[in-house]
There are 2 protein chains.
Amino acid sequence: MKLAIAQLNPIIGDLTGNAEQILDAAKTAVNQGVRLLLTPELSLCGYPPRDLLLNPSFVVAMAIQVRQLAQKLPPQVALLLGTVTLNPTAHAAGGKSLFNSIALLDRGEIQQIFHKRLLPTYDVFDEYRYFEPGLQSNAFTLDGVRIGVTICEDLWNDEEFWGKRNYQVNPIADLAQQGVDIIVNLSASPYSTGKQQVREAMLRHSAQRYRQTILYANQVGGNDDLIFDGSSIAFNQSGEIVARACAFDTDLAIVEFDEQKRDLLPGTITTSAKSIDEEIWLALVLGVRDYSRKCRLQQVVIGLSGGIDSALVAAIATAALGKENVLGVLMPSPYSSDHSVTDAQDLAKNLGIKTEVIPIGDLMQTYDQTLEPLFTGTQFGLAEENIQARIRGNLLMAIANKFGYLLLSTGNKSEMAVGYCTLYGDMNGGLAVIADLPKTQVYSLCRWLNSVTPEEMSLKDQDQPIANHQGEIIPTHILEKPPSAELKPGQVDQDSLPSYEILDDILHRLIHKHQSAEQIIKAGHQTNVVEKIIQLVTKAEFKRRQAPPGLKITDRAFGSGWRMPIASIRRQEAVGIRQ
Amino acid sequence: MKLAIAQLNPIIGDLTGNAEQILDAAKTAVNQGVRLLLTPELSLCGYPPRDLLLNPSFVVAMAIQVRQLAQKLPPQVALLLGTVTLNPTAHAAGGKSLFNSIALLDRGEIQQIFHKRLLPTYDVFDEYRYFEPGLQSNAFTLDGVRIGVTICEDLWNDEEFWGKRNYQVNPIADLAQQGVDIIVNLSASPYSTGKQQVREAMLRHSAQRYRQTILYANQVGGNDDLIFDGSSIAFNQSGEIVARACAFDTDLAIVEFDEQKRDLLPGTITTSAKSIDEEIWLALVLGVRDYSRKCRLQQVVIGLSGGIDSALVAAIATAALGKENVLGVLMPSPYSSDHSVTDAQDLAKNLGIKTEVIPIGDLMQTYDQTLEPLFTGTQFGLAEENIQARIRGNLLMAIANKFGYLLLSTGNKSEMAVGYCTLYGDMNGGLAVIADLPKTQVYSLCRWLNSVTPEEMSLKDQDQPIANHQGEIIPTHILEKPPSAELKPGQVDQDSLPSYEILDDILHRLIHKHQSAEQIIKAGHQTNVVEKIIQLVTKAEFKRRQAPPGLKITDRAFGSGWRMPIASIRRQEAVGIRQ
C-alpha cells in the first residue's frame with residue numbers, strides 16, 4: 001500500500017484555500033497510486049490558529065469544510081485531515097470544549113475521529129487554552145493494514161530518549177502494545193536550530209524500541225514568528241530512514257508499505273541542510289517570504305545603515321522576494337561615517353536592489369530647534385540619540401505607508417536582549433527578521449553567505465537568485481569594521497557593551513539555559529559584567545513587549561513564547577547573587 | 001478564633017519586599033489577637049510571576065524565603081502563604097515541575113503544603129504552562145477548628161451557579177463532604193467590570209449550597225495590564241456577607257469564628273463602588289499609580305490633543321500621581337483647530353497640571369521637504385497623516401527620555417480595535433491607560449467624573465485630589481465637540497467610522513460575545529458596516545501586537561489574553577457570512 005505525506009503550507013484561517021491545497025495534493029497522490037494521504041496537524045485551519053478557535057462560527061465553518069472535503073475527495077484515496085472537533089461532554093462533565101483532532105475521510109464520509117492526547121503548554125504552545133486531551137489510543141484499519149494515529153506532541157514522551165517522562169501516558173507504547181503496522185504522526189512542529197536532528201534521533205529511538213514503522217508528517221511555512229521546516233520523514237521497523245521530504249518547502253513524499261514484510265520500503269530521501277548557517281538562512285528566507293505573502297504585501301523597505309544587521313536582512317529579503325521587490329533606504333546623519341553610505345551602496349550593488357538616500361540632518365536640526373525651549377541647558381544624550389533613530393523609523397514608515405511596502409526591522413537578538421535599540425526607531429517594522437539571531441550568529445551567517453555559491457545554497461523553486469552572487473555578497477568592510485550605532489561621533493557598540501562573544505555567551509546562559517548570575521559567574525564571567533547584563537535584560541522588557549514579531553530560530557525566542565512581567569523587581573537574591 | 005485577610009499589593013518578583021509586607025501584616029494581626037492570617041495566591045512572588053518561574057534559581061529563592069518567613073513569624077499567628085513548590089514525581093511520572101501552592105507556617109515551621117487543583121488556561125491565564133494540578137482535597141486543623149484550603153480557581157466550578165461544569169472536580173464539594181468549619185480561598189483574581197458582583201453571587205451560592213463559611217482573600221494592585229481589585233470577602237454559613245475589605249487598596253480584614261456556633265460572626269463590611277463608572281475610575285487610577293511606582297518612574301507625560309481621550313488620561317494620571325507629577329504637552333499643527341489648544345489648556349487648568357506647547361508645523365515641513373524626492377507627484381494621504389502623529393510621538397518620547405518620565409498613551413479600545421490610530425505615533429507609551437475602554441465608555445466616565453464631588457469618589461489614602469475639583473473637570477466643550485484626529489482640515493472620526501454607539505455595539509458583539517457577522521447583522525446592523533468593521537479589526541492585528549500594555553477592565557482585552565494570528569486570512573465563510 002502506498003502512503004503519501006502532503007507537506008503543506010497553509011494560511012492560518014483560510015479554510016477554503018487550505019482545503020483546495022489538500023484536494024490538489026490528493027489528486028496528485030491518486031495519480032501515483034496512493035491509498036492514504038497524510039496531512040499535518042490542524043491542516044484545515046493551519047497551525048497555530050490561536051484565538052480564532054474561540055469563535056464558534058469558525059469552528060462550525062471547519063466542520064462544514066470537513067464534510068465537503070470528504071465528498072470532494074477522489075474515491076481512491078483516504079485522507080487524514082487535521083481539524084478541531086467538539087467535546088460533547090464538556091458541558092456536563094467539565095473540560096475544554098474542543099479537541100485537536102484528525103478526521104479519517106474515506107469513501108465520501110468521515111469514517112473516524114482521533115484526538116490528540118498530549119497537549120504542549122510550554123514555549124509558544126498554549127494547547128490547554130483550547131483543547132481537552134484525548135484519552136484513547138487511536139488506530140484504524142485500512143485495506144487490512146492497521147494504522148496507529150498520533151498527533152505531534154503524542155510522540156514526544158519517550159522517557160528512555162529524554163531521560164525523563166514529560167507526560168503520564170505514552171501513546172506510542174500503547175499503540176505498540178495493540179500491535180499496529182504503521183504509526184503515523186501528524187505534526188506542526190516549528191523550526192529551531194538543530195531540531196531536525198533531535199526529531200530524527202527521537203523517532204529513530206522509538207521506531208527501534210517498539211519495532212514500529214513511523215511516518216512523521218510536518219507542516220511547512222512561516223506563520224508570523226513561527227517557521228515550520230517540513231522535513232517530514234519515514235522510518236522502517238529497524239529505525240532506518242526510508243523517506244525524507246525536503247526542508248523549508250512544500251512537498252509530497254510517497255512511501256510504500258510492503259504487506260508481506262509488514263514494513264516500509266526504501267523511498268526518496270532528500271538531504272538535510274549541510275550546516276546550521278544554511279538551515280538558518282533557509283528558515284529566514286521562508287519566514288520573510290511567507291509573512292509578506294500571507295499579509296499580501298509584495299515589496300519591502302529596509303533602512304540600510306552600512307552595518308552588518310541591515311546588510312544581512314537585505315540579503316535575506318532579496319533571496320525571499322527578488323531584488324525588484326526590495327528598497328534600501330540610506331539615511332545618513334552628520335554623525336554617520338562616510339563608509340556607512342559607501343558600504344551600504346556596495347551591498348545594494350551586490351544584491352542588485354534599488355536604494356534611496358535621505359539625509360536626516362535637517363530633521364535633526366528642526367527637532368533640536370523645536371525642543372530647545374524644553375531642552376535648553378541639558379546635555380546631548382540618549383534622548384538625542386533616540387531622536388535620530390526615530391527620525392529614521394518615521395521616514396521608513398512614511399515610505400512603507402505611501403507605497404504599501406512592508407518595513408522589515410533589522411535588530412538582532414543581542415541588542416533586543418539588552419535594549420541596545422530604540423523603541424519606535426530602529427525597532428520599527430512589520431517583521432523583525434533576525435531578532436532571534438545573536439550578533440555572533442549574524443556574523444557567522446554573513447561569512448557563510450559569502451562563502452557559498454548559489455548551487456551550494458539549495459535554492460528552492462521560489463528562491464530568488466542574488467544579483468551579483470560571485471562570492472562576496474556582504475562587503476568585507478561591513479564584516480570587518482567595529483559595530484556602531486553611529487548616533488554620536490566616534491561611537492562603537494563596545495563603548496556600552498562587552499564584546500559580543502562575551503555578551504552572547506552570557507545571554508545564552510541566561511536566556512536558554514536559565515542559569516543564575518552565580519552560575520554564569522562560576523563559568524568564568526566577570527561579576528560586574530554579569531550583573532549589568534542581567535539588569536539590562538530585565539529593564540528592556542518594556543521595549544521587547546512592543547517589538548514586531550520576530551522570526552524564531554531558537555528554542556527560546558523573545559516572542560509568543562517569552563512571557564515576562566514588565567513592572568517587576570528581581571532583587572539580587574532572586575537572580576542568585578550572593579550579597 | 002480570629003482570622004485576618006491580608007489584602008496585599010505585591011511587586012512581582014520582589015521576594016524580599018513582599019515577605020516584609022507579609023511580616024508587617026502578621027505583626028499588625030497579632031496585635032489584634034489574630035490566630036490565622038490569610039494572604040493571596042502566590043503572595044510571596046506576586047501574581048502573575050509568568051516566566052520568572054522558569055528560572056530554577058528563582059524557585060530556590062522562594063523556598064529559602066518561605067523557610068525564613070516561618071522563622072520570623074510571630075509565634076502567636078499562623079500564616080497561609082502563597083508560593084510555588086516542586087513536584088517531586090514530575091521527573092519519573094511526567095507532569096509539570098511545579099505546584100501553585102499554599103504553605104501553612106506555624107510555630108517556626110512549614111506545617112503543611114496545599115496545591116491548587118483547578119488551573120485556569122483561558123483569557124490571561126497560563127497556569128498549565130507552569131503547574132501540575134493538585135489531586136487532593138486540602139484541609140488542616142488549627143486549635144480545634146477544621147479549615148479547608150482552596151486556591152482561586154478551585155472555587156470557580158459550581159455547576160449549579162454556572163449552569164455547566166468547568167472542570168471535572170469540585171474542591172468545595174469535596175471539602176463540604178469532609179466536614180470543615182471554614183473554607184478559605186486564596187486568590188489573585190483580576191478586576192473586570194461587574195466581576196465583584198459575580199464573585200459575591202457565586203460565593204454566596206456555594207456558601208448556601210454547602211452551608212459553609214467562606215473566607216475569600218484577594219490580591220490588590222496593578223501588575224502590568226492586570227488590575228487586582230481586592231474586595232476580599234467573608235460569608236457565614238447562611239451565605240450572608242460578614243466582612244468585606246475595601247476595593248482597589250490594601251487592607252487587613254478581621255473576622256471572628258465562633259467556636260460554639262461554628263460560624264463566622266459579623267464584622268466590618270466596606271461598601272462597594274456605587275457605579276460601574278466609579279469602579280473603572282478607581283481601577284484605572286490604581287493601574288497607573290502601580291505601573292509607574294513598580295517601574296520606579298514618578299512622573300508622566302501625556303500628549304494633550306484637546307480631545308476627550310487624552311483629557312481622561314490626564315485626569316486619571318493626576319488622581320494617581322498628583323498634579324505636580326503630570327506634564328501635558330500640546331503639539332498643534334497647522335491642521336489643528338483653535339479649540340484643540342484652548343480646550344487642552346482649560347483641562348490643564350482644571351487639573352492644575354503643567355503644560356508645554358510645541359508646535360509641529362516646522363517639523364511637518366521639514367519631513368515634507370526631506371521626503372519630496374520620493375513623494376513628489378503623490379497625493380496627501382494616510383502617510384502624511386501618520387507623519388504628524390509620529391512627530392508628536394517622537395517629541396513625547398524625547399521628553400520622556402530626557403527627563404525620565406513615563407509616557408502614557410491615550411488610545412481607546414474602539415480605535416485600537418479598528419486600527420484608527422498610528423503605530424509609533426499616538427500609540428507610543430509605556431502604558432495604554434484607557435486601551436480597554438470603548439469610546440462610549442470614555443464619554444460615560446468623563447460625564448461621571450464631572451458629576452461627582454471628591455467626597456463621592458471614595459478616594460484612597462494615596463489618591464491625589466484634583467486641583468479645581470468644583471464640578472467640571474473635563475471641559476464641556478471637549479465632551480460636546482465631534483471627535484477628530486485633526487490630521488487634515490475639517491476631519492472628524494465619523495468620516496471613516498460609523499457612530500461610536502454603532503461601532504461599539506458591533507465591537508462588543510464581535511470581541512466579547514464572539515458573534516459571527518451573520519449574528520451581528522441579524523441584531524440589526526447594516527451588512528456593509530459589519531463587514532467593513534470585521535475587516536478593519538482583522539487588519540489592525542499588526543498594530544495591536546506592538547501596542548504598550550493596556551489596563552484591562554473587561555473580560556476580553558487586547559493584551560496578554562488576546563492571542564490572534566497576524567498573517568491570516570479569514571474569508572467570508574470563516575466569519576459566517578453567507579455568500
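**View 1. Strands E4 and E5 of chain A form an antiparallel pair.** In this predicted model, strand E4 (residues 98-106) of chain A meets E5(A) over six bridges. Strands are DSSP runs of E with at least two residues, helices are runs of H or I with at least four residues, and both are numbered from the N terminus. Two strands count as paired if DSSP finds at least two bridges between them. Opposite Leu104(A) stands Gln112(A) in E5(A). Strands of a sheet pair through backbone hydrogen bonds, either parallel or antiparallel.

Residues are numbered from 1 along each chain as its sequence is written, and chains are lettered from A and ligands numbered from 1 in the order in which they are written. Because the model is predicted, local features need pLDDT of at least 70 and side-chain atom pairs count only at pLDDT 80 or more, while totals for chains, interfaces and linings use all residues.

**View 2. Seven strands make an open sheet in chain A.** Their order is E5-E4-E3-E2-E1-E14-E15, with mixed pairing. Strand E5 (109-115) and strand E15 (263-265) of chain A stand at the edges. Each has a single partner strand, so one side of each lacks a neighbour in the sheet. From one strand to the next, the twist averages 35°. H2(A) packs on the sheet and touches strand E3 (78-86), E4 and E5 of chain A. The direction of H2(A) makes about 160° with that of E3(A). Axes here are lines fitted to C-alpha atoms, for helices over the stretch in contact, and angles run from 0 to 180 degrees between N-to-C directions.

**View 3. A hairpin joins E4(B) and E5(B).** Strand E4 (residues 98-106) and strand E5 (residues 109-115) of chain B pair in the antiparallel sense over six bridges. Asp106(B) has Glu109(B) in E5(B) as its bridge partner. Two residues lie between the strands. Arg107(B) takes a positive phi near 50° in this hairpin.

**View 4. Chain A touches chain B.** A rotation of 180° with 0.0 Å of shift along its axis superposes chain A on chain B, with an RMSD of 0.0 Å. The two copies are thus related as by a two-fold rotation axis. In chain A, Gln546(A) has the C-alpha nearest the axis, 2.1 Å from it. Contact means that the C-beta atoms of two residues, placed from the backbone, lie within 7 Å. On that basis 87 residues of chain A are in contact with 85 residues of chain B. H11(A) gives the most to the side of chain A that touches chain B, with 13 residues.

**View 5. Helix H13 of chain B has 13 residues.** H13(B) spans residues 439-451 and reaches 19 Å from its first C-alpha to its last. That is close to the 18 Å expected at 1.5 Å a residue, taken as 1.5 Å times one less than the number of residues. Its buried residues include Val442(B), Leu445(B) and Leu449(B). A residue is buried if 20 or more other C-beta atoms lie within 10 Å of its own, exposed if 12 or fewer, and partly exposed in between, with C-beta atoms placed from the backbone. Among the elements covering the buried residues of H13(B) are helix H7 (276-294) and helix H15 (500-512) of chain B.

**View 6. Asp504(A) lies in helix H15 (residues 500-512) of chain A.** Asp504(A) is partly exposed, with 19 other C-beta atoms within 10 Å. Leaving aside neighbours within four places in sequence, Asp504(A) is in contact with Ser414(A), Pro438(A), Lys439(A) and Thr440(A).

Methods:
Copies are superposed by least squares on the C-alpha atoms of residues with pLDDT of at least 70 in both.
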